[in-house]
Amino acid sequence: MSDSDLIKLYSTRILGLAAEIPHLGRLPAPQGTARRRSPLCGSTVTADVVVNDGRITEFAQDVKACALGQASAAVLGQVAIGRSLPELQAARDALRAMLKDGGPVPTTPFDGYEVLLPARDYKNRHASILLALEAACEAMETAQAAA
């Protein structure tokens with residue numbers, strides 16, 4: 001990876017997002033929790049949710065990831081409250097397709113993932129970028145199964 005590739009990948013926007021992750025931490029009494037880990041880099045994200053009427057009403061995430069994984073968690077944290085499981089699943093699938101298959105950026109309200117378009121070329125970073133959405137989906141599934 002050349003220096004210019006690194007600069008492109010770790011843009012000021014990505015680093016800014018990584019430094020300001022919304023809903024960082026853990027919920028005291030979540031209805032659903034999921035921890036996802038990338039075996040390649042060791043990044044982890046734990047998501048906690050409280051769900052009412054099929055939508056997230058409380059959200060927290062514990063993020064131990066690279067700057068790209070942190071930026072992804074920040075994008076999710078900005079829009080997680082009020083989302084349903086189908087919306088999260090669609091965003092996860094769209095983000096995966098954007099990274100792996102050259103698909104379009106996820107639709108609103110998840111269009112903030114556009115900042116991660118440069119990561120398409122770095123397959124070893126894809127798993128870390130997907131962790132936050134994968135953990136949120138799994139936490140929602142757990143909460144709904146317990147309801």
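**View 1. Contacts of Arg-92 in the predicted model.** Arg-92 touches Leu-130, Leu-133, Glu-134 and Cys-137, leaving aside residues up to four places away in sequence. Contact means heavy atoms within 4.5 Å. Arg-92 belongs to helix α4, residues 85-101. Helices (H or I, at least four residues) and strands (E, at least two) are DSSP runs, numbered from the N terminus. Arg-92 counts as buried because its relative accessibility is 16%. Buried means under 20% relative accessible area, exposed over 50%, and partly exposed in between, with a 1.4 Å probe and protein chains only. This is a predicted model: local features need pLDDT of at least 70, side-chain atom pairs count only at pLDDT 80 or more, and totals for chains, interfaces and linings use all residues. Residues are numbered from 1 along each chain as its sequence is written, and side-chain values use heavy atoms, with hydrogens and water left out.

**View 2. Val-105 in the loop between α4 and α5.** Val-105 sits in the loop between α4 and α5 (126-146). Its contacts are Met-98, Asp-111, Tyr-113, Glu-114 and Leu-117, not counting residues up to four places away in sequence. Val-105 has a relative accessible area of 26%, so it is partly exposed. Leu-95 is ten residues from Val-105 in sequence; C-alpha to C-alpha, the two are 6.8 Å apart.

**View 3. The cis peptide bond at Pro-109.** Thr-108 and Pro-109 are joined by a cis peptide bond, with omega about 10°. Pro-109 is also in the loop between α4 and α5. Most peptide bonds are trans, and most residues other than glycine have a negative phi.

View 4. His-23 has a positive phi, near 60°. His-23 lies in the loop between α2 (12-19) and β1 (32-37). At 36% relative accessibility, His-23 is partly exposed. Asp-53 also has a positive phi, near 50°. Its loop runs between β2 (44-52) and β3 (55-64). Asp-53 is exposed, at 82% relative accessibility.

**View 5. The protein chain as a setting for the close-ups.** From the N terminus on, the elements run α-α-β-β-β-α-α-α. That makes five helices and three strands. The C-alpha trace spans about 50 × 25 × 25 Å along its principal axes. Buried residues make up 46% of the 147 residues. Among contacts between residues at least 6 apart in sequence, 61% join residues at least 24 apart.
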